[in-house]
Each structure stands twice: as C-alpha cells, then as structure tokens.
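Please consult the sequence and the structure alongside the text.

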Amino acid sequence: MEVGVVGKPNVGKSTLFNALTLLDVPVAPYPFTTLKPNRGVAAVRVLCPHAERGGPCTPGNAKCVDGVRWVPVSLIDVPGLVPGAHEGKGLGHEFLDELRGASGFLQIVDGAGATAPDGVPATPGSFDPAEEVAWLDEELVAWVTEILSRDFVRLSKSIELVGGPVEELLQSRLTGLSITPGHIAAALRETPVDRAHPARWTDAERRELARALLRTSKPRWVAWNKADRTTPEKVAELSERIAPIGSTPTSAEAELTLRKAQRADLVRYVPGAGSFELVDADRLNAGQRRALDEIRTILKTWGSTGVQAAFERLVFDGLHQIVVYPVEDEQKWTDSKGRLLPDAFLVPVGTPARAFAYRIHTDLGENFLKAVDARTHRALAAEHPLESGAVVRIVTRR
Ligand SMILES: Nc1nc2c(ncn2[C@@H]2O[C@H](COP(=O)(O)OP(=O)(O)OP(=O)(O)O)[C@@H](O)[C@H]2O)c(=O)[nH]1
Ligand SMILES: [Mg+2]
C-alpha cells in the first residue's frame with residue numbers, strides 16, 4: 001500500500017515527506033522545487049503486543065520504541081499540482097499518473113492562505129485554503145474521468161455486443177489505479193447509470209462515476225500545513241467547511257526540525273509527541289535555541305506538530321488499516337529463529353485469514369489449511385476476518 005502526498009506547489013509537501021521519512025529531498029520557498037516524484041517509507045504507530053509475552057520484541061521490518069511499534073507504509077511525494085493539471089498544465093499529467101498506485105491521498109494545504117494557486121508566496125490570508133480542497137477534488141475527478149473515457153465508446157459497444165458485465169469494462173479501464181472490484185461495485189451502486197448500455201453514457205455520467213470511484217477507492221485526509229502562521233480558531237472554521245473530509249492542522253517544518261534535531265542527538269523527541277527535551281542546552285547555538293523555542297510555542301498552541309497524527313488518521317480512519325502479527329509458534333509468539341513478534345503487517349479491516357496468508361507469502365496462501373488465533377488458540381477458517389492487533393499462526397497443508 002502506498003500513500004500519496006498531494007497538493008498545489010510550495011505548500012510543504014516535501015517538507016512533510018522528509019519529516020515522515022527522514023529522507024533529504026529538496027525543499028525551497030518557491031513552486032516546482034520537486035520535479036520528480038520522491039518515494040520513501042514512513043511509519044504508523046501501534047501499541048506493540050510484546051508485553052503480553054514479556055517482551056521485548058525483535059522487529060524485522062520496523063522498530064519498537066517504549067512499547068510502541070512503528071509499522072512501515074510507503075509514501076510518494078509528487079511535484080505540485082496546479083489548476084488544469086489533468087490537461088498537462090504545470091508538471092501536469094505525468095505526475096498525476098505517478099499517483100495511480102496510491103491507495104489514498106494526504107492533501108497538503110497552506111492553511112495560512114499564503115500561497116497562490118500556482119505556488120507563488122503571498123501574505124497570509126490572501127487565499128482561501130478551503131477552496132484548494134474543492135479544487136483538488138475537481139482535478140482528480142477530471143483525471144479519472146479522462147482515464148475512464150479513453151476509447152470508452154468502442155469498448156462499451158463490444159461489451160454490449162457480447163452482453164458482458166459493465167464491471168469488467170470498468171476494471172479494464174482502471175487497471176493500475178489500485179481500484180478493486182469492491183470499489184467499482186460500490187461506485188456503481190452510488191451512480192444511477194444504465195448498466196446495460198455503457199456506450200450511451202454521457203460525459204456527465206462518466207464524470208459522476210469517476211467522482212464516486214474516487215470517493216469509494218481513494219480516501220483523502222487534509223493537512224492544514226503552516227499552522228504556525230494561523231490560529232486554531234481559523235483552522236477549526238476551515239475544518240468545518242470541508243467536512244465530511246477529515247483534516248488536521250500541521251507544521252511540517254517544526255516536525256522536520258525536531259526529527260533532525262533528535263537524529264543529531266540535540267533533543268529527546270518521539271515523533272508525534274507534544275513536547276521535547278534538550279539533551280544539553282550548552283551545545284546549542286543562538287539560532288538553534290531560537291528555532292526550538294518557536295517550536296515549543298507551536299507545540300503549546302497545537303498540542304503536537306500534527307504531522308504524524310494527520311498521516312495516521314489517513315491510514316487508520318481513511319484507509320481502514322489494521323495491524324496483524326504473524327508468528328510461527330503460537331505459544332511463544334516467535335518465528336522459527338525464536339524472535340518475538342518479528343513481523344507486523346498493515347492490512348485492510350476485515351481481511352480474511354487466507355488473504356492474510358497470501359499477503360505474507362503466496363505459498364502460505366496456496367497451502368492454507370487454517371489460521372490459529374495465538375491469544376485464544378482458536379482455529380480460524382479461511383474466510384474468518386482478522387481483528388486489529390491479532391497475533392496469528394498460519395497452518396499449511398505441508
Ligand atoms: N511556516 C512554515 N513553512 C513551511 C512549513 N512546511 C513547509 N514550509 C516551507 O514552505 C516552503 C515550501 O516547502 P516544500 O516542502 O518545498 O513545498 P512543496 O509543496 O514540496 O513544493 P513543490 O515541490 O514546489 O510543489 C519551504 O520554504 C518550507 O520551508 C510549515 O509547517 N510552516
Ligand atoms: Mg516538493
């Protein structure tokens with residue numbers, strides 16, 4: 001699963017990406033700093049179940065700090081999108097297409113309204129941040145409508161001729177967009193189109209379907225970034241205006257500074273926390289001290305920088321992901337090498353036991369006999385949906 005960081009130019013997408021991944025991709029106060037997509041790995045936090053077995057765990061694919069497990073999630077940062085991106089404006093189409101594989105979008109907005117639609121800086125309050133959310137909606141709808149519409153009439157006629165299901169046609173049009181048959185079925189339920197005659201669908205109907213497809217398949221969460229340049233009252237008002245789309249105020253710059261300072265051993269800071277401590281005040285120069293003082297004020301006003309929270313809201317509330325731990329020894333919760341809870345997988349809520357086995361390894365899926373809940377030792381059948389935080393052993397035929 002991959003999450004896309006999207007938005008107009010110069011709003012702080014790469015800053016937020018850097019904060020979440022601790023990679024150093026270029027950041028600058030002008031539009032189109034990012035010219036090519038950046039890919040990296042971020043992580044979401046869950047309470048690690050290792051304490052139930054006396055801990056500590058030995059994570060192979062993540063880390064576990066103070067009982068909190070960090071589970072990796074792929075992230076992609078793309079160049080800024082400008083109005084008309086679906087027609088190739090700005091850095092346009094190519095980069096929208098880079099987002100095909102993304103399961104959901106974290107939209108970064110300059111919450112202070114100090115960035116023009118083309119990314120040029122302005123004084124705070126010059127632009128309405130909520131409009132940006134509506135604009136991205138239209139841009140994404142136009143993009144999916146176009147993908148859907150390519151060669152649509154000809155393909156629809158051939159499907160109609162053989163009486164084939166419209167789902168098949170849509171699936172073939174939307175390949176690579178990370179849209180499942182379930183998403184398509186849900187979008188069709190929401191859109192009153194004549195399923196038997198897709199060739200007769202109007203542009204407007206295809207557009208409505210594209211809108212429904214985006215709604216069902218690509219959850220979005222908004223980060224009101226540069227929160228340090230606005231007030232909680234203004235942000236609360238913005239959040240209300242864009243509901244039901246969820247949003248979180250963020251200060252990507254503050255989060256990036258803190259994570260870098262933590263890496264340089266200047267501060268003790270756990271990403272997402274509401275405070276930090278200086279390791280040794282005497283080691284800081286005047287500039288560093290001032291920057292950290294400003295960040296302290298931001299944390300006091302907002303509770304945290306919001307970056308980790310915004311990301312996790314998208315993953316857990318928007319994308320409905322849960323974490324499941326596969327083990328080989330259901331008593332000790334270890335793998336064959338005796339490592340406690342070595343793996344943690346993010347999967348969609350409701351993932352059945354066998355689908356989870358496939359997710360670990362094709363062989364495990366193909367030879368699936370049953371799963372065992374390592375807490376209750378109950379056998380779970382192939383279609384049994386796994387629970388959030390489940391520890392399971394997969395039993396195979398050979
Ligand atoms: N005040 C403030 N400035 C920020 C924040 N986050 C990012 N910035 C600044 O905003 C400017 C743009 O940041 P980038 O991360 O390059 O923005 P981007 O959206 O990736 O820009 P493009 O790649 O050009 O689309 C830089 O000067 C950042 O330092 C923030 O939370 N607060
Ligand atoms: Mg950028």
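Predicted model: local features only at pLDDT ≥ 70, side-chain atom pairs only at ≥ 80, totals over all residues.

## Helix α1

Helix α1 spans residues 13–21, and nine of its nine residues are buried, so the helix is largely enclosed by the rest of the structure. The buried residues are K13, S14, T15, L16, F17, N18, A19, L20 and T21.

Which elements cover these residues of α1? The covering elements include the strands β1 (2–6), β2 (38–47), β4 (68–77) and β5 (102–110), together with the helices α9 (252–263) and α11 (307–318). Just after α1, L22 adopts a positive phi of about 50°.

## Nonpolar cores

The largest nonpolar core contains 36 residues. Within it, the residues with the most contacts are L99, W143, L170, L174, L188, W201 and L209. At least two residues each come from β5, α3 (129–149), α4 (152–162), α5 (166–173), α6 (181–190) and α7. Helix α3 gives the most to this core, with eight residues.

Leaving aside neighbours within four places in sequence, L174 is in contact with V144, L148, I179, I184 and L213. Apart from this core lies another, of 35 residues, which has V44, C48, V307 and L319 among its members.

## The buried arginine R206

R206 belongs to helix α7, which covers residues 203–217. Is R206 buried or exposed? Its relative accessible area is 8%, below the 20% limit, so R206 counts as buried.

The side chain of R206 makes a polar contact with the side chain of S149, at 2.9 Å. Not counting residues up to four places away in sequence, R206 touches T145, L148, S149, F152 and W201.

## Aromatic rings

Two aromatic pairs are found in a search of the whole structure. In the pair of F345 and F356, the ring centres are 5.7 Å apart and the planes stand at 90°, so the arrangement is edge-to-face. This pair links distant parts of the chain: F345 is in strand β11 (residues 345–348) and F356 is in helix α12 (residues 353–360), eleven residues apart. F345 is buried, with a relative accessible area of 15%, and F356 is buried too, with a value of 0%.

Charged side chains also lie over aromatic rings. The charged end of K8 sits over the ring of F127, at 5.7 Å from its centre. R53 lies over the face of W333, 4.1 Å from the ring centre.

Technical notes:
Residues numbered from 1 in each chain as written. Chains lettered and ligands numbered in written order. Heavy atoms only, no water. Phe/Tyr/Trp six-rings, centres within 6.5 Å; stacked < 30°, edge-to-face > 60°. Helix = DSSP H or I, 4+ residues; strand = E, 2+ residues; numbered from the N terminus. Buried < 20%, exposed > 50% of the residue type's maximum accessible area, 1.4 Å probe, protein only. Lys NZ or Arg CZ within 6 Å of the ring centre and 35° of its normal. Contact = heavy atoms within 4.5 Å. Polar contact = N/O pair within 3.5 Å; in protein donor to acceptor, adjacent residues only side chain to side chain. Core = buried A, V, L, I, M, F, W, Y, C linked by side-chain atoms within 4.5 Å.
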